Amino acid sequence: MKNILKKTGIVIGGVVFLLSVVAGGYILLRPKPPPPPEAVSSVAKAEAYAEKLVEFGTPPGLSLVVVKEGAIVYNKAFGLADGPNKIPATPETVYKWWSTTKIPTAIAILQLHERGQLDIDDPAAEYLPFFDITYPSDNSEIITIRHLLNHSSGMPDNVPEVVAWMHLADEPPLNQTTLLERVFPDYAKLKFEPGDHAEYSNVGYMVLGAIIEAVSGQSYETYVVNQILQPLSMNNTNFVYTGEMLKHAAVGSHPVISLESVLLPFLYDDLGAYIRERTDGKIWFNRFYADSDPPTGLIGPATDLARLLMAFQNQGKVDGARILAPATVAMMTYDSHVRSVNTGQTDAPVQGLGWHVYQPEGRMYIAHGGGGPGFGSEMRLYPDESLGLIVFANDTTYDHAAILDLFARLDW
């Protein structure tokens, strides 16, 4: 594999700091996307805001799905899946999920838990011989699979490095356990005591992927496709672009003037290979894949992801295919909630088993989003209302939460 990652020290050097200050000045001066309305009274008015966003170009295109009581009740796309070639986004448009992938990874772990092939309270080291951790003290609690699921393990994250953990579509895939074993020593010193609080860690989900491989005897990708995607008939979702997916593939984009764009050349040895073209004030990317699949690797349309939300609304089952037991769905939704650090507010986010948990104004929902070069996504589930929403777009700088907030206020 071509090494596209440079050491983090380069990124945080003085040159990058200077460039980031310059970029910040440009960002302050550039036009801002239209703000969301404070309230909407109809679907048409919510759609009008989505239309304004894609006309502005942040994002160029997006797809929206609403699921109510186990069925799709709204499914529409806006803008362009490929701006330079004027290809419209459609409900079938395929986007990179980035961190939204973590929910299927958590489901896979809990399937193995249901089958007695592991217990989520087992030590992670029981399954991975190389899992050699430096704990904060001699009395530290041992990291368990549950700690990894709800981000309370104390393992550090791999940001900003993970932004450059990618390879082009024509380069060979990586074995997930081999990748983790190679990079693990750089993330083996814990930031805090396991179980103390939650801090997001992509590396923790890489560990979960390696545990899935160790327990199932399959590659992580094969397991997820066979045990989650295929049973749910998520036929156009995968870790690689299939022929049918390519027909509907969105082209990822990013503003030319942004802090992230300033940093990208310092993360990549050959950034040019990832850029298809620069036009309309944007970078448009060639197709690429994430190196670390368990936290970031899935690709697919919002309509496929809707079937996963339908499974949660239907006690773990869709069209007769069950991926989780009802008790496990309830556990993922309501159990093992850990508050994030420095969040004393009553409406502050809490971390569950995979899902982020929110309760603004007493209206509880669970959610997970994803963002990285070219794409941004979020799915949201209101379990007490049997309501789910999904937004995918070919830009990571847009406010996906604002879009979902508007559509969630409508009477579905």
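**View 1. A cavity in the predicted model.** A cavity is a set of grid points where a 1.4 Å probe fits but cannot get out. By this rule, this predicted model has one cavity of 30 Å³ or more. The volume of the largest cavity is about 30 Å³. Look for its lining residues: Leu 148, His 151, Ser 153, Gly 154, Met 155, Phe 192, Glu 199, Ser 201 and Gly 204. Sorted by class, the lining of the largest cavity holds three nonpolar, five polar and one charged residues.

View 2. Start with strand S1 (residues 61–68), which pairs with strand S2 (residues 71–82) in the antiparallel sense over eight bridges. To find your way along this pairing, look for Gly 61, which stands opposite Gly 79 in S2. Two residues lie between S1 and S2 in their hairpin, and Glu 69 in the turn has a positive phi of about 50°. Strand S2 also pairs with strand S3 (residues 87–88), again in the antiparallel sense, over two bridges. Here Asp 82 stands opposite Ile 87 in S3. The hairpin of S2 and S3 has four residues between the strands, and Lys 86 takes a positive phi near 55°.

**View 3. An open sheet of three strands.** Reading across the sheet, the order is S6-S8-S7, and the pairing is antiparallel. Strand S6 (253–255) and strand S7 (275–279) are the edge strands, each pairing on one side only. From one strand to the next, the twist averages 20°. Three bridges join S6 to strand S8 (residues 282–285). A handy landmark is Pro 255, which stands opposite Lys 282 in S8.

**View 4. Aromatic rings that pair up.** A pair of aromatic rings is described by the distance of the centres and the angle of the planes. Across the whole structure, a search finds 15 aromatic pairs. In one of them, the rings of Phe 285 and Phe 288 have centres 5.9 Å apart and planes at 75°, so this pair is edge-to-face. Both Phe 285 and Phe 288 are buried. Ring pairs also link these two with Trp 98 and Tyr 274 into a cluster.

**View 5. Tyr 365 and Tyr 382, a tilted pair.** The ring centres of Tyr 365 and Tyr 382 are 5.1 Å apart and the planes are at 45°, so the pair is tilted. Tyr 365 belongs to strand S16 (residues 365–372) and Tyr 382 to strand S17 (residues 375–382), so the pair ties together parts that are 17 residues apart in sequence. Tyr 365 counts as buried because its relative accessibility is 9%. Tyr 382 is buried too, with a relative accessible area of 3%.

Terms used:
Residues are numbered from 1 along each chain as its sequence is written. This is a predicted model: local features need pLDDT of at least 70, side-chain atom pairs count only at pLDDT 80 or more; totals for chains, interfaces and linings use all residues. Side-chain values use heavy atoms; hydrogens and water are left out. Two strands pair if DSSP finds at least two bridges between them. Axes are lines fitted to C-alpha atoms, for helices over the stretch in contact, and angles run from 0 to 180 degrees between N-to-C directions. On a 1 Å grid over the protein atoms alone, a cavity is a set of points where a 1.4 Å probe fits but cannot get out, and a pocket is an open set with protein on both sides within 12 Å along at least five of seven lines; lining residues have an atom within 4 Å of a point. Grid points are joined across faces, edges and corners, and a volume is the space filled by probe spheres set on the points. Ala, Val, Leu, Ile, Met, Phe, Trp, Tyr, Cys and Pro count as nonpolar, Asp, Glu, Lys and Arg as charged, and the others, Gly among them, as polar. Rings of Phe, Tyr and Trp (its six-membered ring) pair if their centres lie within 6.5 Å; planes under 30 degrees apart count as stacked, over 60 as edge-to-face and the rest as tilted. Buried means under 20% relative accessible area, exposed over 50%, partly exposed in between (1.4 Å probe, protein chains only).
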